[in-house]
Amino acid sequence: MSRNGLISSLRRLINDEEPLETRSPSPFEQLRPRMNDIIGDGGILKEVVQPGEGPPVPENASVLIHYSGFLEYSDQPFETTTNLKYPRMMKLGRDVTLAGLELGLLTMKKGEFSRFLLQPQYAYGEMGCPPFIPAAAVVLYEVQILDYLDSGQVDDFIAMSLEEQNTVPLSTLLEVVNTLRSFGNRFFNQNRYYNAKDRYKQAMMLLGNRETQSDSEKERIKTALLPLYLNISLAELRLERPHKALKYGNKALEIDSANTKALFRCGQAYLELHEYASAQCCLTSAQAQKPFDSDINNLLRKVTMCYKDSLDKEKDLYSKMFRELKGSVKM
């Protein structure tokens with residue numbers, strides 16, 4: 001996302017267009033006419049390079065962004081996340097420390113790429129941040145919103161007592177649960193399985209605390225619990241804890257006994273536990289519903305081979321024991 005060479009390009013553009021006898025505008029001066037003043041005092045100017053979609057980032061959200069910060073006349077950023085495969089999720093009001101950058105983020109939408117020109121009072125102040133940021137420095141930030149989650153709603157809900165949580169509409173609880181699950185999915189995709197599991201379990205706990213009043217509400221809670229059980233089961237498999245993976249796979253089957261993902265998770269767990277007959281039973285049931293699913297078929301073949309090998313070894317063991325017993329009787 002970083003536009004290395006941006007300052008050099010502007011400088012070349014300026015030099016090509018301006019007579020030598022006139023003072024050329026600086027790179028940042030060249031940018032200003034293309035930018036919008038987002039708060040009205042000229043302290044934060046914005047240029048949208050690539051528009052985003054959907055609503056803007058809400059206050060207290062957690063944002064997943066790529067960003068690079070530049071000083072004027074510098075081609076290399078003084079800080080950047082573009083070298084990271086998985087940039088960390090940053091919470092507004094806590095992890096984003098520059099006022100100008102946070103105010104700028106609140107104007108952005110998912111997928112948007114923009115540039116922000118920040119005056120010192122919205123960046124590093126009159127003192128700067130030696131040795132990287134000089135005193136009273138104007139800085140340029142290039143920012144791309146990869147994703148964001150409304151974690152402010154989650155924080156507000158968790159801060160409530162159990163009694164207060166039970167007074168909010170179920171739809172609000174389900175929004176909080178979906179946000180937590182999205183956090184978990186983000187951690188899972190970054191191979192941070194412990195963090196993912198903790199987010200899934202937090203969502204599960206909130207659903208478990210709900211005092212349901214009607215059958216329809218109970219069904220909606222079960223529907224929300226099902227993917228959480230499946231996610232926890234998979235996270236436990238990644239953490240090499242098949243007993244726990246089996247526990248949550250079975251919880252999913254209690255809600256939907258024909259769920260192929262749950263049957264597959266249980267099959268994986270049983271395989272790790274060397275309980276091949278049970279693994280074969282789960283996977284055969286999953287295969288009956290999805291006969292052409294390559295993951296199910298491949299794992300079922302593996303289980304069948306392991307089961308056969310286990311039976312052969314057991315047969316050889318009993319044969320050896322019988323021969324030894326027979327030999328001892330003759331003696």
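Start with Lys110: its charged end sits over the ring of Tyr148, 5.5 Å from the ring centre. Over a ring means NZ of Lys or CZ of Arg within 6 Å of the ring centre and within 35 degrees of the ring normal. Arg199 does this too, over the face of Phe183, at 4.5 Å from the centre.

Some housekeeping. This is a predicted model, where local features need pLDDT of at least 70, side-chain atom pairs count only at pLDDT 80 or more, and totals for chains, interfaces and linings use all residues. Residues are numbered from 1 along each chain as its sequence is written, and side-chain values use heavy atoms, with hydrogens and water left out.

Now ring against ring. Rings of Phe, Tyr and Trp (its six-membered ring) pair if their centres lie within 6.5 Å; planes under 30 degrees apart are stacked, over 60 edge-to-face, the rest tilted. That rule gives six aromatic pairs. Take Phe78 and Tyr124: centres 6.0 Å apart, planes at 80 degrees, so edge-to-face. Phe78 is partly exposed, at 22% relative accessible area. Buried is under 20%, exposed over 50%, partly exposed in between (1.4 Å probe, protein chains only). Ring pairs also join Tyr67, Phe78, Tyr124 and Tyr141 into a cluster.

Next, Tyr276 and Tyr307. How is this aromatic pair arranged, centre to centre and between the planes? The centres are 6.4 Å apart and the planes at 40 degrees, which is tilted. Tyr276 is buried, at 12% relative accessibility. Tyr307 is partly exposed, at 25%.
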